[in-house]
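Hello,

Here is the structure I said I would pass on. My notes on it follow below.

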Amino acid sequence: MEPDGSRESPPREGSSFPGPWPSSALGQAFSQILHQFAGQESRRGKARNAALRDLSAVLDAKECDQLFAGSDTSLRGMPEMLGQVAKALGKYAAPPEGPEGGGDRHSEVAEKAAAVGFLFLKLLRKVETAKNSLVCPAWKAGLRHLAGPIYIFAITHNLEQPWTSPKSQGVAGQVLALLLQVTECGSVAGFLHGENEDEKGRFTAVMGLLKPDLNKDSWKSNPATKHVFSWTLQKVTRPWLSQHLERVLPPSLLISDDYQTENKILGVHCLHHIVLNVPAADLLQYNRAQVLYHALFNHLYTREHHLIQAVLLCLLDLFPILEKALHWKGDAARPTTHCDEVLQLILMHMEPEHRLLLRRTYARNLPAFVKRLGILTVRHLKRLDRVIIGYLEVYDGPEEEARLKILEALKLLMQYTWPRVPCRLVVLLKALLKLICDVARDSSLTPESVKSALLEEATDCLILLDRCSEGQVKGLLAKIPQSCEDSKVGNYIRRVQQVSEGAPYNAT
């Protein structure tokens with residue numbers, strides 16, 4: 001036989017709340033508020049403003065102190081209804097979609113967010129009061145339904161975005177802090193994956209709420225969704241992330257595949273986090289690592305330096321995982337790796353590239369690729385020679401980042417492929433001497449510390465070149481110090497000769 005409290009009024013037309021509503025006066029008040037949020041478009045603005053006032057009044061009412069009193073059968077279903085109210089409030093304060101959402105619309109969203117944030121603070125304080133009370137055992141169920149929507153609201157408006165203001169960010173920060181306090185979590189990471197191994201976190205619930213807005217047809221309808229997803233994903237690390245791989249990989253790939261560079265970079269950062277925090281075995285399963293590789297490789301044809309930087313860093317961490325699947329038999333040639341394929345494309349792009357930002361980006365990552373391939377870099381020597389010599393000839397601005405990184409790559413290249421260096425001796429020697437002369441006579445705004453770093457690196461390369469060529473550099477430079485008019489250039493050449501004769505050499 002069912003209790004009397006189970007005979008509850010059916011949901012009103014237009015409500016998003018599934019199932020029966022509580023029949024108490026408190027339940028009817030929340031039902032009316034939900035109905036106002038679900039009103040017709042023409043009346044929605046006024047109705048929602050009225051709903052906010054009504055909700056504030058309900059939360060201030062004395063009867064609301066019994067919100068989580070589980071003994072009252074008339075309040076059965078109240079936690080679920082509070083969750084629906086929280087979702088409606090979050091949707092009300094969501095930023096507008098598309099280009100029409102700018103200027104005045106953004107300031108309007110910030111005002112709405114501040115108002116909603118104050119209501120969430122009231123609601124969380126009710127939960128905290130019930131938590132400390134012995135007569136309100138239903139607070140856990142209420143918090144379970146409230147935590148996800150409130151968290152998404154807080155992250156949406158806590159980050160600095162076009163739709164936030166200092167006031168809305170401050171209120172959202174307070175909401176997040178109080179949510180962590182009520183849930184007894186020391187950090188957002190603990191809130192998401194649990195404070196210990198036995199505790200189940202709330203990441204699954206949060207992703208369940210974000211999922212409807214993370215498919216290919218809807219992920220742009222709310223511009224905050226991608227940022228909430230990305231920020232939340234970064235907080236979940238190894239070993240917790242692997243169990244959520246099926247939830248986080250598809251939206252990360254979707255965002256990275258967008259036509260807007262900003263979204264591509266955001267998606268690549270998400271993919272990089274997944275690569276770093278999911279075991280290799282899980283990424284190799286079902287060919288996921290190959291899917292990641294091809295998604296990233298396609299971005300290398302772009303000319304956006306920020307995107308290229310993000311992609312190359314991600315690929316460098318993905319290569320060890322991909323190579324676990326390669327099997328090499330000692331009696332055969334080593335197979336071409338994914339790193340070979342990427343370096344070949346990078347060098348092809350580097351050679352004719354004239355944009356300084358892209359040149360710096362490529363040069364910045366070249367040493368890591370040489371180090372990754374080691375002796376196998378010999379496969380790319382011809383093109384590497386042309387790129388290195390070409391980049392050493394071009395001034396790169398006051399910081400000289402490109403030329404410094406190219407010199408670092410050259411040192412690594414000579415260390416790994418030293419048997420092939422003697423046949424390139426003359427070409428490399430000319431390029432390094434020309435660089436030393438150019439830098440020593442440089443009268444531009446380049447800081448002296450940068451000039452000194454360039455000269456030191458070039459000198460180290462000359463010393464290494466001499467050792468790889470069994471002292472040939474020393475012989476070729478024998479008469480230069482006497483005939484050189486520039487004392488600075490002469491000093492560096494003498495240093496090469498002295499080290500070649502057996503003096504200590506400290507270069508790495």
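**What was found**

The chain has 23 helices and zero strands; helices (H or I, at least four residues) and strands (E, at least two) are DSSP runs, numbered from the N terminus. This is a predicted model, in which local features need pLDDT of at least 70 and side-chain atom pairs count only at pLDDT 80 or more, while totals for chains, interfaces and linings use all residues. Residues are numbered from 1 along each chain as its sequence is written, and side-chain values use heavy atoms, with hydrogens and water left out.

Of the 508 residues in the chain, 52% are buried (under 20% relative accessible area; exposed is over 50% and partly exposed lies in between, with a 1.4 Å probe and protein chains only). Of the contacts (heavy atoms within 4.5 Å) between residues at least 6 apart in sequence, 69% join residues at least 24 apart.

**Helix packing**

Helix α5 (residues 139–158) packs on helix α6 (residues 166–182) at an angle of about 150°, and their axes are 8 Å apart. Axes here are lines fitted to C-alpha atoms, for helices over the stretch in contact, and angles run from 0 to 180 degrees between N-to-C directions. The angle makes α5 roughly antiparallel to α6 (over 145 degrees; under 35 is roughly parallel, 65 to 115 roughly perpendicular and the rest oblique). The α5 and α6 crossing is left-handed, meaning that the near helix is turned anticlockwise from the far one by less than a right angle; clockwise would be right-handed. Residues of α5 in the contact include Leu143, Ala147, Ile150 and Tyr151, and those of α6 include Ala172, Val175, Leu176 and Leu179.

Helix α17 (residues 381–392) and helix α18 (residues 401–416) have axes that come within 9 Å and cross at roughly 145°. The crossing of α17 and α18 is also left-handed. Leu381, Leu384, Ile388, Tyr391 and Leu392 of α17 make this contact with Arg403, Ile406, Leu407, Leu410 and Leu413 of α18.

**Rings and charges**

Tyr391 also has Arg359 over its ring face, 3.9 Å from the ring centre. Lys112 is likewise placed over the face of Tyr92, at 4.9 Å from the ring centre. The criterion is NZ of Lys or CZ of Arg within 6 Å of the ring centre and within 35 degrees of the ring normal.

There are five aromatic pairs in the structure. Rings of Phe, Tyr and Trp (its six-membered ring) pair if their centres lie within 6.5 Å; planes under 30 degrees apart count as stacked, over 60 as edge-to-face and the rest as tilted. Phe297 and Tyr301 are edge-to-face, because their ring centres are 6.0 Å apart and their planes stand at 80°. Phe297 is buried at 10% relative accessibility, whereas Tyr301 is partly exposed at 49%. Phe319 and Phe369 are a further edge-to-face pair, with 5.9 Å between centres and 70° between planes. This pair links distant parts of the chain, 50 residues apart: Phe319 is in helix α14 (residues 305–323) and Phe369 in helix α16 (residues 356–373). Phe319 is buried at 0% relative accessible area, and Phe369 is buried at 1%. Tyr293, Phe297 and Tyr301 form one aromatic cluster.

**Ser56**

Ser56 is in helix α2 (residues 44–60) and counts as buried at 19% relative accessibility. Leaving aside neighbours within four places in sequence, Ser56 is in contact with Leu119 and Lys122.

Regards
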